[in-house]
Amino acid sequence: LGDNHGNVIHLFDRECSVQRRNQKIVEESPSPFLTPELRQEMGEKAVAAARAVNYSGAGTIEFLVDKNRDFYFLEMNTRLQVEHPITEEISGVDIVKWQIRIACQVPLNMKQEDIRLQGHAIECRINARSTGRVDFLHIPGGGRVHFDTALMQDTVVVPFYDSMLGKLIVHANTREEAIRRMEASLCEMVIVGVETNIEEQLQLIRSKIFQKGNYDTLILDKILKKG
């Protein structure tokens, strides 16, 4: 986040390596692969990049990280991203609210040292695999679980737009707890009438590769081939 008064802060990191055809499927924050030292260094580099262009508003700096934990600048997305809710969960910062405040010339009222990592969050993108009418919809509930969606019962899913039906988001004190909460939430989610990727998401969440947290962008191919 950068305001119009010279203040720039980062809100830690997101791990977005679970991809299908170069499209993100699962995101988690913070990344289980980064060390605290690397997380701090990447955050400082992201802030420096935003300062270099006098960036104002919410944005995302993307890096590629190799197996040796060396990282490389990829791009800057000058906008909110689909997975921004998990950053809100672990940072306690309402990014959407602050994007609007910054546009209204309000200075950031927080410094970098005020931002603390708060637990672990995971987001699963629930995507349609077919078109049709949603005959029945049950959305999981409970504490620290929510489903960002415009989907309703009797909604007709058409082929003209993005396949994402919604974002299932969980937050917990630890990564292990977040994984268990996501598994339970995926089991509770019911969408009848349209084929989805819920079973694939369950297969991923339950896999040893994902649970170990040391995975790369080929993780989904590896898991589905094993299945």
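**Briefing: rings, cysteines and the overall fold**

F210 counts as buried, because its relative accessibility is 0%. That residue belongs to a predicted model. The protein chain has 227 residues, and 44% of them are buried. Its secondary structure comes to 7 helices and 11 strands. The points below start with the whole chain and then move to single residues.

**Overall shape**

- A compact globule with 227 residues would have a radius of gyration near 17 Å, and the protein chain has 18 Å, so the two agree.
- Taken along the principal axes, the C-alpha atoms fill a box of roughly 50 × 40 × 35 Å.
- The protein chain exposes about 12100 Å². Carbon and sulfur atoms supply 50% of that area.
- How much of the contact total comes from residues 24 or more positions apart? Such residues account for 65% of the contacts with a separation of 6 or more.

**Aromatic pairs**

- Two numbers describe a pair of aromatic rings: the distance of the centres and the angle of the planes.
- The whole structure holds 4 aromatic pairs.
- One of them joins F160 and Y161, with ring centres 6.5 Å apart. Their planes meet at 85 degrees, and edge-to-face needs over 60, so this pair is edge-to-face.
- Both F160 and Y161 are exposed.
- F210 and Y215 form a stacked pair, with 5.4 Å from centre to centre and 25 degrees between the planes.
- Are F210 and Y215 buried or exposed? F210 is buried at 0% relative accessibility. Y215 has 9%, so Y215 counts as buried too.
- Ring pairs also link F63, F71 and F73 into a cluster.

**Charges over rings**

- The charged end of R69 sits over the ring of F33. The distance to the ring centre is 4.1 Å.
- W98 has a charge over its ring as well, from R101. Here the charged end lies 4.9 Å from the ring centre.

**Cysteines**

- How many disulfides does a search of the whole structure find? The count is 0.
- The cut-off for a disulfide is 2.5 Å between sulfur atoms.
- C187 also has its closest cysteine sulfur in C124. The distance is 11 Å, so a bond is again ruled out as too far.
- C16 has 14% relative accessibility and therefore counts as buried. C187 has 44% and therefore counts as partly exposed.

- L186 lies in helix α4, which covers residues 175-188. Its relative accessible area is 1%, so L186 is buried.
- Which residues does L186 touch, leaving aside those up to four places away in sequence? They are C124, I126, L168, I198, Q201, L202 and I205.
- L186 and G132 are 54 residues apart along the chain. Their C-alpha atoms are separated by 21 Å.
- I115 is in the loop between α3 (95-103) and β5 (120-127). At 6% relative accessibility, I115 is buried.
- Not counting residues up to four places away in sequence, I115 touches I9, L11, F12, S91, V93 and M110.
- I115 and C187 are 72 residues apart along the chain, and 33 Å separates their C-alpha atoms.

**Backbone exceptions**

- Most peptide bonds are trans, and most residues other than glycine have a negative phi.
- Which two residues does a cis peptide bond join? They are S29 and P30, with omega at about 0 degrees.
- P30 is in the loop between β2 (23-29) and α1 (36-52).
- R21 has a positive phi, near 50 degrees, and is not a glycine. Its place is the loop between β1 (15-20) and β2. R21 has 69% relative accessibility, so R21 counts as exposed.
- Q105 is not a glycine and has a positive phi, near 70 degrees. Q105 is in the loop between α3 and β5. At 45% relative accessibility, Q105 counts as partly exposed.

Notes:
Residues are numbered from 1 along each chain as its sequence is written. This is a predicted model: local features need pLDDT of at least 70, side-chain atom pairs count only at pLDDT 80 or more; totals for chains, interfaces and linings use all residues. Side-chain values use heavy atoms; hydrogens and water are left out. Rings of Phe, Tyr and Trp (its six-membered ring) pair if their centres lie within 6.5 Å; planes under 30 degrees apart count as stacked, over 60 as edge-to-face and the rest as tilted. Buried means under 20% relative accessible area, exposed over 50%, partly exposed in between (1.4 Å probe, protein chains only). A charge sits over a ring if NZ of Lys or CZ of Arg is within 6 Å of the ring centre and within 35 degrees of the ring normal. Helices (H or I, at least four residues) and strands (E, at least two) are DSSP runs, numbered from the N terminus. The radius of gyration is taken over C-alpha atoms; the globule rule is 2.2 Å times the number of residues to the power 0.38. Contact means heavy atoms within 4.5 Å. Accessible areas come from the Shrake-Rupley method with a 1.4 Å probe; for residues, only the protein chains shown count as cover.
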